[in-house]
Amino acid sequence: MSQGQEIKCCTQEQHRESEIQGLEAAQASEVMEEIFPSSSHPLVPGNLEEAVVAGTHSTPQSPQSTYTSSTGITATSPSSQEEDSSASSESDESSSSQEEEDSSASSESLSDTENLLSDPLEEKVSLLVQFWLHKYQMKELITEADMIDVVIKEYRDNFLEIFRRASERIELVFGIDVKEVDPTSHSYALVNKLDLTYDASLSGDEGVPKTSLLIIMLGVIFMKGNHATEEEIWEILNMMDLYSGRKHFIFGEPREFITRDLVQEKYLEYRQVPDSDPPCYEFLWGPRAHAETSKMKLLEFLTKIHGSDPTCFPTQYEEALRDEAERAQARVAAGAGTTATARASSSASPAASPSPSEV
């Protein structure tokens, strides 16, 4: 069967796959907002952990509206008697206005989704992602010529835009990068984000990369102070439509995938919270995650998806810098140890025995 037959255009299955990819991207974006509160809601430097753990998204208020005392009591500012007298009517109007806005927002959301799925370029984006995943499963390189001949076709003038959108989607949904490996032939390969190596052994029967779930879990653990309770992890996973006991079309049964694959492969550590009664459990980075990636790489990736910058989160950024410095020191020490061992081995070698002709 030719590649052209394998990648069929304008079918119900392709349309459904486009919807699924769009849903996964939307869910991933929602998760990013939960891990990183919106940049439009400023945070006090150093208090990111509290904001993430509490799941709070502060809403800016006018200076004269309300304030909350240290005891938690909320009071109205006495700045205007007219505001107090009209509070009730404004509340009714606000409630009615909010309902209209919610209804309008819902209609706009449906309209945006319909427009997205009817966009011919978006259909090509979906097909290109499928084509890349097929190549990933076959462990084959991807050429620009193949992408144009098999997928892009009559939209070759829009190739760069389609390629850009597809690259962003496959990074967001599947946690993999599209990298050019041969500029001469314009050949590309799909590579695992953050230098994680587990895809080959844990990709499952379909060969679909599952890096994104691991990245999300590592990110939640890091942002919550290097350990996250089981309840906190499942709160985030539920936002991705991942539920214990329910099979997911990419990850399978998520609890089994986490415990059988990620924990047993030492990407995650699962342990009882010390002194917890009744006992509760938490996740930490496993030794393999520490060995293969770093806090800085993770922070850079997550903030890129979130549309911010690592320096926007000073507590995590400073910790990541310390981690980088410790890793550099460890590499220097390991190199010095290897050199010393080699020298000691060389000096301990016995002198060469004379040849028979020399005796």
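## Burial and overall make-up

Of the 359 residues of the chain, 38% count as buried, where buried means under 20% relative accessible area, exposed over 50% and partly exposed in between, using a 1.4 Å probe and protein chains only. The model is predicted, so local features need pLDDT of at least 70 and side-chain atom pairs count only at pLDDT 80 or more, while totals for chains, interfaces and linings use all residues. Residues are numbered from 1 along each chain as its sequence is written, and side-chain values use heavy atoms, with hydrogens and water left out.

The chain holds 15 helices and eight strands. Helices (H or I, at least four residues) and strands (E, at least two) are DSSP runs, numbered from the N terminus. Among contacts between residues at least 6 apart in sequence, 58% join residues at least 24 apart; contact means heavy atoms within 4.5 Å.

## The nonpolar core

A nonpolar core is a set of buried Ala, Val, Leu, Ile, Met, Phe, Trp, Tyr and Cys residues joined through side-chain atoms within 4.5 Å. The largest one has 61 residues, and Trp132, Met147, Ile170, Met217, Leu237 and Leu268 touch the most other members. Helix α10 (residues 211-223) supplies the largest share of this core, 10 residues.

Leaving aside residues up to four places away in sequence, Met217 touches Ile233, Leu237, Ile258, Leu262, Leu268 and Phe283.

## Helix α6

Helix α6 covers residues 120-138, 19 residues in total. The expected span of a helix is 1.5 Å times one less than its number of residues. For α6 this gives 27 Å, and the end C-alpha atoms are 27 Å apart, which agrees. Of its 19 residues, 14 are buried, so α6 is largely enclosed by the rest of the structure.

At the start of α6, a side-chain oxygen of Asp119 comes within 3.0 Å of the backbone nitrogen of Leu121. A polar contact is a pair of N or O atoms within 3.5 Å; within protein, one must be able to donate a hydrogen and the other to accept it, and residues adjacent in sequence count only if both atoms are side-chain atoms. After α6 comes Lys139, with a positive phi near 55°.

## Two open sheets

Two strands pair if DSSP finds at least two bridges between them. Strands of a sheet pair through backbone hydrogen bonds, either parallel or antiparallel. β3 and β5 (residues 187-192) are joined over two bridges, and Ile142 has Tyr188 in β5 as its bridge partner. β4 and β5 pair over six bridges, with Ile176 opposite Asn192. The hairpin of β4 and β5 has four residues between the strands, and His186 in this hairpin takes a positive phi near 55°.

Another open sheet of three strands has the order β6-β8-β7, again with antiparallel pairing. The edge strands here are β6 (228-229) and β7, each pairing on one side only. β6 and β8 pair over two bridges, and Thr229 stands opposite Glu282 in β8.

## Aromatic pairs

Rings of Phe, Tyr and Trp (its six-membered ring) pair if their centres lie within 6.5 Å; planes under 30 degrees apart count as stacked, over 60 as edge-to-face and the rest as tilted. The structure holds six aromatic pairs. In one of them, the rings of Phe251 and Phe257 have centres 6.1 Å apart and planes at 40°, so the pair is tilted. Both Phe251 and Phe257 are buried.

The rings of Tyr270 and Tyr281 have centres 5.4 Å apart and planes at 20°, so this pair is stacked. The pair links Tyr270 in strand β7 (residues 268-272) with Tyr281 in strand β8 (residues 281-285), 11 residues apart. Tyr270 is partly exposed, with a relative accessible area of 34%, and Tyr281 is partly exposed at 30%. Elsewhere, Trp132, Phe159, Phe163 and Tyr188 form one aromatic cluster.

## Gln316 in helix α15

Gln316 lies in helix α15 (residues 314-347). At 1% relative accessibility, Gln316 counts as buried. The C-alpha atoms of Gln316 and Lys224 are separated by 9.8 Å, and these residues are 92 apart along the chain.
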